[in-house]
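Below is a briefing on one protein chain, grouped by topic. Please keep the sequence and the coordinates open while reading.

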Amino acid sequence: MHLKKIQTYVGIIEQGEHSGMWAWEIPPRYEVGNVTAFYSVTWYASTIAHDATHSELYAQYQLAHPGEPVPEDAYGGVEIERFCIGYQVEVAKRIGAPQSEIDYLSTLDGTHCDVDDDGDCDWDDYQNRDW
């Protein structure tokens, strides 16, 4: 189930300066920064599942609203982050991630995407990520 989701909604995994999902690209691309990629294997794997969920939500909106632009809040923002973190926790547990990683994920409330604390999760936040 988890692997199928990743295979369906992540077409490319590519090293980059920051971590983020480019769900609108064909195929969808997960860009991963060094902090994420080299923290631990279980962390990296759980973030792939997390970002596959962003991509899945993007694709679901696109399927339900053909021809319409996909609004950012359909696949991003604080509420969506919470949802993706929930899935990430599920995957982390399933793959035997250390309890410290699961505990950390459990402290996140989705606001980590708002790096500049201006009330939204946008391009400026992405550019300022340290992960």
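Which residue with a positive phi follows α4? Gly-96 does, with phi near 80°. The model is predicted, so local features are given only at pLDDT of at least 70 and side-chain atom pairs only at pLDDT 80 or more, while totals for chains, interfaces and linings use all residues. Residues are numbered from 1 along each chain as its sequence is written, and side-chain values use heavy atoms, with hydrogens and water left out.

**Helix α4**

- Helix α4 covers residues 78-94, which is 17 residues; helices here are DSSP runs of H or I with at least four residues, strands are runs of E with at least two, and both are numbered from the N terminus.
- From first C-alpha to last, α4 reaches 24 Å, close to the 24 Å expected at 1.5 Å a residue, where the expected span is 1.5 Å times one less than the number of residues.
- Its buried residues are Ile-80, Glu-81, Cys-84, Ile-85, Tyr-87, Gln-88, Val-89, Val-91 and Ala-92; buried means under 20% relative accessible area, exposed over 50%, and partly exposed in between, with a 1.4 Å probe and protein chains only.
- An α-helix has 3.6 residues a turn, so residues three or four places apart point the same way.
- The buried residues of α4 pack against α1 (2-9), α3 (41-64) and α5 (99-107).
- Glu-81 is in helix α4 and counts as buried at 7% relative accessibility.
- Not counting residues up to four places away in sequence, Glu-81 touches His-50, His-54, Gly-110, His-112 and Cys-113; a contact means heavy atoms within 4.5 Å.
- Lys-93 also lies in helix α4, but counts as exposed at 53% relative accessibility.
- Lys-93 and Ser-46 are 47 residues apart along the chain, and their C-alpha atoms are separated by 9.2 Å.

**The α1 and α3 pair**

- The axes of α1 and α3 come within 9 Å and cross at roughly 60°; axes are lines fitted to C-alpha atoms, for helices over the stretch in contact, and angles run from 0 to 180 degrees between N-to-C directions.
- That angle makes α1 oblique to α3, since angles under 35 degrees count as roughly parallel, over 145 as roughly antiparallel, 65 to 115 as roughly perpendicular and the rest as oblique.
- The contact is made by Lys-5, Ile-6 and Tyr-9 of α1, and by Ile-48, Ala-49, Ala-52, Thr-53, Ser-55, Glu-56 and Ala-59 of α3.
- These residues divide into six nonpolar, two polar and two charged; Ala, Val, Leu, Ile, Met, Phe, Trp, Tyr, Cys and Pro count as nonpolar, Asp, Glu, Lys and Arg as charged, and the others, Gly among them, as polar.

**Backbone geometry**

- Most residues other than glycine have a negative phi, and most peptide bonds are trans.
- The peptide bond from Ile-26 to Pro-27 is cis, with omega near -5°.
- Pro-27 is placed in the loop between β2 (20-22) and β3 (29-32).
- Asp-117, a residue other than glycine, has a positive phi near 55°.
- The loop between α5 and α6 (123-127) holds Asp-117, which is exposed with a relative accessible area of 67%.

**Loop and strand residues**

- Cys-113 is found in the loop between α5 and α6 and is buried, with a relative accessible area of 4%.
- Leaving aside neighbours within four places in sequence, Cys-113 is in contact with Gly-77, Val-78, Glu-81, Cys-121 and Asp-125.
- Cys-113 and Gly-11 are 102 residues apart in sequence and 23 Å apart in space, C-alpha to C-alpha.
- Gly-76, in the loop between α3 and α4, counts as buried at 14% relative accessibility.
- From Gly-76 to Tyr-61 there are 15 residues in sequence and 12 Å in space, C-alpha to C-alpha.
- Ile-12 lies in strand β1, residues 12-15, and is partly exposed at a relative accessible area of 33%.
- Not counting residues up to four places away in sequence, Ile-12 touches Pro-27, Pro-28, Arg-29 and Tyr-30.
- Ile-12 and Pro-28 are 16 residues apart in sequence, with 6.4 Å between their C-alpha atoms.
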